[in-house]
Amino acid sequence: MAYSFLKAFTFKKGETPIHRLHPLSKMLFALIMTVIALIQQNFTIFMIALTVTLAVAAIARVLRRLLQSYRLLISLSALIFIANFVTLWDLDFSVSMVLRLLLMASAFSVTFMTLNPDEISVIFSRIRAPLDLGFIFSSSLRFIPTLTRETEMIIFAQRARALELDSGNVFNRVKNYIPILVPVIVCAIRRSQQLAEALETRGFNPGKPRTYAEQPSFSLLDAVFNIVIVIMLLIIVYIIFFSSIHLLTFSEIVSLIMQLPYSTLI
Amino acid sequence: MRRELKVGETLREQKAIVSIDNLSFRYASSRRYALKNVNLEIYEGEFILLMGPSGCGKTTLIRCINGLIPHFYSGEYSGKVRVFGVDVQESSPEKLSEKVGTVFQNPENQLFCLSVRRELAFGLENRLLPPPKIKQIVEETLEKFRMKHIADKAPYELSGGEQQKVAIASILVMRPKLLLLDEPTSNLDPISAVEVISFLKELSSEGISILISEHRSWLLAPIVDRVIIMDNGHIVLDGSPEEVFYNDKALGIGIEIPPVVEFVKTLSRKIRLPKNWRPLKVHELSEIAKYVSPIKCDSLPQSPPIKAEGKTILDVKDVWFKYEGGDYALKGVSMKIFKGDRVAIMGSNGAGKTTLIRAIMNLVKIEKGSIVFNEKIDLTKLPTSKIARFIGVCFQNPDHQIFSETVFDEVAFLLRNLRYPENVVRQRVKRILTMLDLDKYAESSPFMLSEGERKRVALASILVGDPDILILDEPTLGQDRFQKERLKRLLEQLTLQGKTIIVTTHDIEFSLSFFKRIILMSNGKVIADGSPLEIFTNENVLRSANLIKPDVVKIRELLKDIGIGTPLHLSPRDLALEIISTKGA
């Protein structure tokens with residue numbers, strides 16, 4: 001089901017080096033991968049950046065969950081590819097648009113799977129962003145498992161009332177989800193009201209400064225990780241904008257494979 | 001305001017920490033006054049139980065003390081509330097939180113962090129305490145309340161009882177002088193409720209003042225100093241637990257009376273008992289030997305055996321099921337349900353009750369086993385929408401299913417999904433709405449109704465399908481005594497029509513007084529199946545199901561121990577009547 005996609009963005013505790021990184025380092029990773037995804041279109045570079053992201057996921061032991069979320073990206077990727085290819089008739093560009101989506105989704109997925117939502121408000125206070133924004137952000141991540149479970153319960157309750165989700169034409173299928181969506185939204189609003197009450201009575205005031213009992217600190221690991229990632233970005237920028245090194249594109253790789261003697265393929 | 005003094009305490013030492021003077025409040029969204037001319041004083045060190053039927057104003061009263069009213073909820077406000085000498089209207093919930101802590105019903109919505117340790121730190125961080133000081137207080141609190149072993153766990157890794165204890169502890173780190181709790185155990189199974197209440201008892205003995213609103217009077221009556229009963233926005237009774245529960249007025253309000261009180265009160269209608277004898281605890285009943293002569297038990301009929309005759313309407317055989325990435329939730333569950341059966345499935349949270357319902361409805365695919373309806377229909381091969389024609393399931397939370405613009409449409413949803421012609425739909429919906437006393441709301445929005453009414457709408461939306469088997473998941477949760485009695489009458493009526501009723505419940509009183517058969521589940525297995533008498537008198541079974549022994553069973557055992565006899569009934573009223581009717585036999 002579609003909401004299982006959220007699992008790829010849900011934090012689970014872990015003891016890996018990636019989990020131990022400072023929250024800002026994890027955010028920096030996602031941001032740099034996004035920059036790489038946006039400034040260029042080369043297939044080889046996408047492959048390198050994706051490999052690095054998957055390697056980080058593997059170290060953090062979240063690779064399996066990341067790959068599972070790809071299943072749900074397939075239809076979206078196909079749509080992007082077809083839309084681009086039909087309008088522009090450019091194979092390399094269409095492939096790179098898909099890879100762009102994949103790289104950004106993977107990088108943010110790895111970050112959020114290893115970033116404890118409790119630490120997000122620490123990031124916000126570090127970069128001097130408003131505290132209430134940080135709290136909205138961290139609590140929406142904190143409540144993903146709760147909301148997922150609640151959505152599941154709502155779907156069960158409505159199916160027990162003979163609701164068929166996958167019946168009829170496209171228009172009907174969208175309509176079928178109204179009995180799910182309305183309770184999901186109503187329950188979320190009720191929940192946020194209760195949360196607000198509890199926050200008020202525990203002295204939370206976003207307008208006022210507060211302290212943090214546990215301040216994550218930068219370690220040697222952070223330094224190494226950040227330097228490696230930044231150097232990677234710099235090399236890519238250099239290759240793309242300042243050098244004449246030619247990197248293979250998707251169509252070149254395909255034609256290379258096609259030109260190989262038939263015997264070597266077997 | 002009468003209140004028994006504790007040893008060594010004099011009147012002069014009693015300081016009113018809360019004084020409410022002629023308070024009335026009406027929510028901006030409502031036409032009715034939620035509180036009307038309330039006068040109340042709370043003294044230092046008191047442990048107060050606040051009771052009343054749903055919608056009586058308990059929650060509103062609590063909000064008036066912690067400042068959520070008028071600062072978070074606005075409306076028409078008159079009168080004065082002073083908390084620790086401060087006028088609530090001129091203060092704020094944030095400022096009041098320094099002295100007043102509030103714990104709400106749903107533990108999950110009060111825990112914001114992903115570890116217990118951070119949760120405890122949260123309130124102190126808001127107070128701008130330096131980190132080393134916060135850490136010190138947090139560690140001390142963890143130590144003191146024996147929470148070290150769960151310090152790094154996330155809320156969803158804790159049991160309901162643990163969650164609520166963490167919610168309470170996260171308030172206690174701020175050292176409040178007064179603790180307000182709004183139905184803190186409503187979402188918990190009995191054993192977790194006992195755990196939380198004994199935690200409160202411990203706090204009370206340390207001198208914290210406590211005001212708790214709660215339905216389970218049997219749990220609190222023996223330990224609180226004072227009971228306040230509200231009805232319709234007024235305080236109707238206020239005094240010691242003995243004074244309040246033994247007052248005849250208490251029975252006329254929709255609150256749960258402790259079984260011990262109900263037993264003694266029923267006896268006193270036929271037998272002369274001393275006026276000042278007002279026991280609240282089971283062991284205090286032993287005096288009863290002075291007033292009642294022993295009864296002969298063998299002259300009584302044996303409890304009726306469970307009917308094994310009749311058609312098997314639902315046959316669950318060796319069902320195994322595992323959630324993705326979890327342990328087995330059902331480990332070889334088998335049970336035969338007969339036509340016309342009235343079955344309560346009980347067991348602590350996580351025993352597999354709700355999963356079993358999901359499996360019956362084919363909402364989850366079982367791994368192994370079979371579920372057969374009416375001796376021939378294999379439910380594991382039928383889509384849920386087809387099963388819904390003959391099995392109706394009403395899940396716990398009505399808000400998980402209410403979505404329509406009008407109550408009529410909400411109730412018609414099932415029939416329309418089953419493609420009934422519109423004239424049949426109209427006719428059947430009308431009948432059900434009348435049966436459940438909801439016809440006056442047919443054109444109202446279901447979202448505007450009270451919680452009890454919404455629960456009834458949800459029930460109507462299932463009953464309208466005229467199912468052969470009706471499955472109700474925790475139907476009495478959050479319901480007051482009148483609402484429960486109404487539900488019992490409705491279910492009684494349905495049994496007479498030949499319906500089979502299956503209920504999952506934590507409500508001991510409900511299962512003892514209404515069901516003929518109880519199936520106990522524990523850890524994904526059925527561990528006992530029998531009459532209420534067989535189940536609730538079997539210590540081993542109760543222990544392995546993590547259930548506590550109901551007061552009424554304890555009363556029965558006491559009667560046996562002091563030589564009065566072994567009655568067969570399991571409701572306090574019937575127990576008393578049995579003793580009276582066979583007196584001298």
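This is a predicted model: local features need pLDDT of at least 70, side-chain atom pairs count only at pLDDT 80 or more; totals for chains, interfaces and linings use all residues.
Chains A and B touch each other, with 43 residues of chain A in contact with 49 residues of chain B.

- Chain B has a mean pLDDT of 89, with 95% of its residues at 70 or more.

**Where chain A meets chain B**

- On chain A's side, α6 (117-126), α7 (131-142), α8 (144-159) and α10 (178-201) each put in at least two residues.
- The largest share comes from α10(A), which supplies 14 residues of the side of chain A that touches chain B.
- Sorted by class, that side of chain A has 21 nonpolar, 10 polar and 12 charged residues.

**The sheet in chain B**

- Chain B has an open sheet of 4 strands, in the order β2-β1-β4-β5, with antiparallel pairing.
- The edges belong to β2 (35-43) and β5 (86-87) of chain B; each has a single partner strand, so one side of each is left without a neighbour in the sheet.
- Strand β4 (residues 75-83) of chain B runs antiparallel to β5(B), and 2 bridges join them.
- If you want to find that pairing on screen, look for Arg82(B), whose bridge partner in β5(B) is Asp87(B).
- Helix α1 (residues 58-66) of chain B lies across β1 (16-27), β2 and β4 of chain B, and runs at about 120° to β1(B).

**A helix pair in chain B**

- Two packed helices are described by the angle and the distance between their axes.
- For helix α4 (residues 116-126) and helix α5 (residues 131-144) of chain B, the axes come within 9 Å and cross at roughly 130°.
- That angle makes α4(B) oblique to α5(B), and the crossing is right-handed.
- From α4(B), the contact uses Arg117(B), Leu120(B), Ala121(B), Leu124(B) and Glu125(B).
- From α5(B), the contact uses Ile134(B), Ile137(B), Val138(B) and Thr141(B).
- By class, the residues of this contact between α4(B) and α5(B) come out as 6 nonpolar, 1 polar and 2 charged.

Conventions. Residues are numbered from 1 along each chain as its sequence is written. Chains are lettered from A and ligands numbered from 1 in the order in which they are written. Axes are lines fitted to C-alpha atoms, for helices over the stretch in contact, and angles run from 0 to 180 degrees between N-to-C directions. Angles under 35 degrees count as roughly parallel, over 145 as roughly antiparallel, 65 to 115 as roughly perpendicular and the rest as oblique. A crossing is left-handed if the near helix is turned anticlockwise from the far one by less than a right angle, and right-handed if clockwise. Two residues are in contact if their C-beta atoms, placed from the backbone, lie within 7 Å. Ala, Val, Leu, Ile, Met, Phe, Trp, Tyr, Cys and Pro count as nonpolar, Asp, Glu, Lys and Arg as charged, and the others, Gly among them, as polar. pLDDT is the predictor's confidence in each residue, from 0 to 100. Two strands pair if DSSP finds at least two bridges between them.
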